[in-house]
Amino acid sequence: MSFQNPVFIPGPTNIPEAVRKACDMPTIDHRSPLFGQILHPARAGVQKVLKSTSAEVFIFPSTGTGGWETTITNTLSPGDRILIARNGMFSHRWIDMCQRHGLKVEIVETTWGDGISAARYEEILTADKSGKIRAVLATHNETATGVLSDIGAIRRAMDAANHDAMLFVDGVSSIGSMDFRFDDWRVDVAVTGSQKGFMLPAGLAIVGFSEKAMQATATAQLPRTFFDVQDMGAGYANNAFPYTPPVGLINGLKMTCDMLLNEGLENVFARHHRIATGVRRAVAAWGLDLCATSPDVYSDTVSAILVPNGFNGTDIVTHAAEKYGVAFGVGLGEVAGKLFRIGHLGSLTDVMTLSGIATAEMCMVDLGMKIELGAGVAAAQDYYRQVDAQEQQDAA
Ligand SMILES: *Cc1c(COP(=O)(O)O)cnc(C)c1O
């Protein structure tokens with residue numbers, strides 16, 4: 001594997017040089033105001049990235065998976081009923097975690113490649129007259145299939161059903177890359193990690209809690225110690241954690257929030273959309289299909305590309321690593337072998353993306369797929385050239 005090439009896995013993402021330096025810090029006293037000067041701006045930055053003015057942001061030494069556990073253990077009790085759709089490996093894993101914690105999980109089985117059906121959620125919530133369902137869970141961007149679900153529509157479905165459940169959203173591969181509206185959608189807990197849209201190494205679980213979710217912590221009975229948000233909040237009040245914080249990573253988070261906010265969230269989202277559209281143009285030029293079943297669910301952070309019969313998506317990923325030193329994502333679970341994934345989130349430009357498209361193309365030709373060398377690259381180049389011209393016109 002070459003350390004010069006960008007990675008095209010959907011997390012961990014490429015780390016900007018300045019961010020690596022920000023993470024590389026001398027030891028400081030982690031129970032001092034100096035630590036507070038890192039921690040509090042990082043939390044305020046996350047709140048802005050979530051488009052919230054009120055979310056309580058907690059940062060744990062963990063990963064996105066620990067964020068899931070933080071969400072459920074702080075708000076729910078054993079035997080509580082929850083509603084969640086399964087449409088890929090990440091929603092599947094969250095379901096598995098909920099079941100292992102003794103929650104009663106109502107699963108909406110969904111074709112891998114489809115988005116969450118807000119209509120189905122609305123039916124189930126409407127039928128739940130006595131309000132037994134305590135929380136509605138949703139994976140905003142199913143990283144396994146490259147499918148973006150409409151969280152605004154889910155909130156509208158909850159409102160239409162006049163249901164009072166909390167709304168928990170896994171935004172691990174969307175937050176900081178695609179539009180996420182904590183306040184507008186009245187999200188109760190948003191979950192992410194450091195190594196995707198925030199362009200950091202893995203090591204942080206990042207969650208935002210609404211006032212309603214904070215109130216639920218008072219009665220929630222699921223066991224929690226390491227992930228207790230009340231303990232964490234009490235630590236923050238003293239410029240500290242309940243244990244030793246990963247200071248360098250949090251310093252990096254402070255910087256990446258500034259980077260995202262300085263670029264402008266809408267510009268960040270537009271950049272991801274432009275890059276993703278170029279990738280999709282390439283996929284179309286190759287004559288291949290995405291796992292995502294319709295354009296309204298196309299993800300701007302990851303494209304899962306179905307390979308033709310007789311080929312194995314994992315072989316493309318292995319070949320890319322061995323021959324070209326470039327990382328793509330394999331298919332997971334139900335779609336293992338059937339596809340490969342191009343991650344296109346985080347610190348990425350059109351030009352970097354072209355190298356990924358070119359590499360995928362070389363691999364597919366090497367492995368005998370009927371693809372014309374350059375076809376996908378040309379389609380993406382054509383698109384990137386035109387958008388830039390359009391943007392210059394708009395700016396003029
Ligand atoms: C990566 C990812 C996770 C898991 O995060 P880890 O940091 O690997 O624990 C959860 N959900 C989604 C949608 C993801 O993309």
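**Reading a predicted model together**

Mentor: Welcome! In this predicted model, the C-alpha centres of domain 1 and domain 2 lie 28 Å apart.

Trainee: How do you know which residues belong to domain 1 and domain 2?

Mentor: The domain assignment gives residues 17-262 to domain 1 and residues 264-395 to domain 2. Where they touch, 28 residues come from domain 1 and 26 residues from domain 2.

Trainee: Let's move to single residues. Why does Met 166 count as buried?

Mentor: Buried means under 20% relative accessible area. Met 166 has 3% relative accessibility, so Met 166 counts as buried. You will find Met 166 in strand E7, which covers residues 166-170.

Trainee: What is Met 166 in contact with, leaving aside neighbours within four places in sequence?

Mentor: The partners include Thr 75, Leu 76, Arg 134, Met 158, Asp 188 and Lys 212. Another pair to look at is Met 166 and Val 189: they are 23 residues apart in sequence, and their C-alpha atoms are 8.1 Å apart in space.

Trainee: And His 319, why is that residue called buried?

Mentor: Use the cut-off again: buried is under 20%. His 319 has 18% relative accessibility, and therefore counts as buried. His 319 lies in helix H11, residues 313-324. Not counting residues up to four places away in sequence, His 319 touches Tyr 324, Cys 363, Asp 366 and Leu 367.

Trainee: Which helix gives the most to the shell around the ligand?

Mentor: That is helix H3, residues 64-75, with three residues. Others around the ligand include Phe 90, Asn 141 and Gln 195.

Trainee: How many residues of each class does the shell have?

Mentor: Around the ligand there are three nonpolar, seven polar and two charged residues. Trp 68, one of the residues surrounding the ligand, counts as nonpolar because Trp is on the nonpolar list.

Note on methods. Residues are numbered from 1 along each chain as its sequence is written. This is a predicted model: local features need pLDDT of at least 70, side-chain atom pairs count only at pLDDT 80 or more; totals for chains, interfaces and linings use all residues. Side-chain values use heavy atoms; hydrogens and water are left out. A residue is near a molecule or strand if one of its heavy atoms lies within 4 Å of it. Helices (H or I, at least four residues) and strands (E, at least two) are DSSP runs, numbered from the N terminus. Buried means under 20% relative accessible area, exposed over 50%, partly exposed in between (1.4 Å probe, protein chains only). Contact means heavy atoms within 4.5 Å. Domain bounds come from an automatic or database domain assignment.
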